[in-house]
Amino acid sequence: MGALRRIGLAALSVAGFLAVWQLIVVVGDYPEYILPSPAVVAQRAVEAIQNGTLQPHLAATLEESVIGFAVGATVAILVGIMLAKSLTAERVLSPYLVAAQAVPILALAPLIDIWFGGGLTARVVICALIVFFPIAIATMVGIRGTDPLLVEMARANGARSSQVTRLLELPSALPVLFGGLRVGVTLAVIGAVVAEWAGASVGLGVLINIADQGLFDTPLMFVALGTLALLGLTFYGVVLLAERALVPR
Amino acid sequence: MFERKPMRLRPVMVLVVAMLVLAACTSASPSPSGTGAAELRPVRLLLGFRPDVQFAPFYLAQQEGYFADAGLEVTIEHASGGELIRLVADGQADFGVADATDVMVAKSTDIPVTYVSTLFQSFPVAVIGPAGTVPAEPAGLAGATIGTPGQFGSSWHALLALLDAGGLTPDEVTIREYPQFNQVEGLLAADVDLITGFRNNEPLRLAAQGVDTELLTIDEVAPLPGPGVVVGDAALEDDVAWVEAFALAVSQAQQAVIDDPDAGLEAAIEAVPTISEDVDTARTVLLATVELWASDLDIPPGFIDADVWEAGYATMEHLGFIDGSVPLEDMYWHAIRLE
């Protein structure tokens, strides 16, 4: 598919989404404080950028989600390798990992915020916890999916365990690993917002609260939500680019 | 004889048939009370975030027939501040309980909602801290680390009003936000020096943890109107009598709870059985709440103190929460009047 055609399809998709949104507003006859139209939200976005409302909140969420994703993904890949290579580790750790995943982080987040004294550290921890699980599982599944004949051949040729992992299993696991990273990177944005709802003075999650409950400014709330969506799309695109660069087709 | 007997029986039979028809009609038609029940107007009422003993007047009004006597069949639900005001303004809910200061902000952003009666004659939010750490005057807050839920709602309005009354700006204190309303835990963990909280809630929770508290209240330095009943503008324009009937029922039930708090407590337990798990605390909270309902003025429950609204409106405008585009008289409407 040509680049022009891809851009055209994307533009058509966005136009369709906006048209449906506008149609819902018109047909439902919703007031602005219930569901603002795309034009009203766009105008509010311009105002929020021009008067500097949006930028500090965007910067905070960007920082939290990038660091949270980096920390969470790094730890998850290391744990995923360990789980893949050691049946004992998997048997001991898996129940805890699954149980931790089943616990709603929203309930734990306020406590984590207090345990870590608030601030960026607490928010990064919350974000990293949310990011961790899909990447760890993807890493484990990916490594276990390595062709056992290739592993046997590498060992027969004298490769050490670390070499097998680094040079054979990890590259072989990349397609599955990137699947986990794609999920994880979008969760990083959610993680940052959850962390901000646990305790923060700035961030897009904070802006949503201020707009919703403080200013009763529904269009501004949609601006914050839209910015979060764009952030998630951007992160996803970056991971996709990295995947295309690293995974042979 | 055979011919005369029917003639003699006819009046008796007519009487019997008439009685049977009458009895059938009587049993088929609703009783007076049944007629009333059929005509009750359904009302969707939104109280605060979660069921609580503080809403005892509403539970009592529902259980003891105050609402029914007013011709209303009330369904109670719960919602958070932003959602509640939007639902009431849009007519998806008929009445709600909201912060007066939130109504000022919402009304200023073209959300059609009006405050119609007062629940808390004293502003319930205060700055709270361990005994000996709370300054007597707002100026003494300088340099303190203060925990508050966030940059929204009555706690935020009260904090900024107190700082302003003390000649301070938010930059002269450290504000730590607890959006999950867990600022008590923050204070107990010594993350903050002071917190904002409701006078009928947080001090009691701290006392339960063995912490004696002091309060810095706002009523004397920068009066703000307290939470009350709100209604959508369209509903108010549509049927004033309906709004008055609801507000009066709430006022009567509130007076009943003031006169007999245990009756309110029982109603709250019936509506929210989990309250019975700690009746002593619930009673303490209710008694503290009743104190906040009281006024120095000789006014009935629900009455709106125009002087407090005028002062609060000026404070909110001075702090930049509202721009003055909606005049004060459009913010509230007296559903309860002095006789």
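I take buried to mean under 20% relative accessible area, exposed to mean over 50%, and partly exposed to mean in between (1.4 Å probe, protein chains only). The model is predicted, local features need pLDDT of at least 70, side-chain atom pairs count only at pLDDT 80 or more, and totals for chains, interfaces and linings use all residues. Residues are numbered from 1 along each chain as its sequence is written, chains are lettered from A and ligands numbered from 1 in the order in which they are written, and side-chain values use heavy atoms, without hydrogens and water.

**Entry 1: B:Asp99**

I located B:Asp99 in the loop between strand 3 (95-98) and helix 6 (100-108) of chain B; helices (H or I, at least four residues) and strands (E, at least two) are DSSP runs, numbered from the N terminus. B:Asp99 is buried and has no salt bridge, a term I use for a side-chain nitrogen of Lys or Arg within 4 Å of a carboxyl oxygen of Asp or Glu. The nearest side chain of opposite charge, B:Arg199, is 12 Å away; Lys and Arg count as positive and Asp and Glu as negative, while His and the chain ends are not counted. Leaving aside neighbours within four places in sequence, I found B:Asp99 in contact with B:Gly153, B:Ser154 and B:Pro227 (heavy atoms within 4.5 Å).

**Entry 2: salt bridges of chain B**

I then looked up B:Arg199, whose side chain meets that of B:Asp219 in a salt bridge (3.2 Å, N to O). B:Asp219 lies in the loop between strand 9 (213-217) and strand 10 (228-232) of chain B, and B:Arg199 in the loop between strand 8 (194-198) and helix 9 (202-208), so the pair ties together parts that are 20 residues apart in sequence. B:Arg199 is partly exposed, at 22% relative accessibility.

I noted a further salt bridge between B:Glu244 and B:Arg337 (2.7 Å, N to O). B:Glu244 belongs to helix 11 (residues 240-259) of chain B and B:Arg337 to the segment after helix 14 (306-318), so this pair links parts that are 93 residues apart in sequence. Both are partly exposed: B:Glu244 has a relative accessible area of 25%, and B:Arg337 one of 45%.

**Entry 3: chain A**

I found A:Arg44 in a salt bridge with A:Glu47, their closest N and O atoms being 3.5 Å apart. The two residues lie in helix 2 (residues 38-50) of chain A, three residues apart, about one turn of the helix. A:Arg44 counts as buried at 16% relative accessibility, whereas A:Glu47 is partly exposed at 34%.
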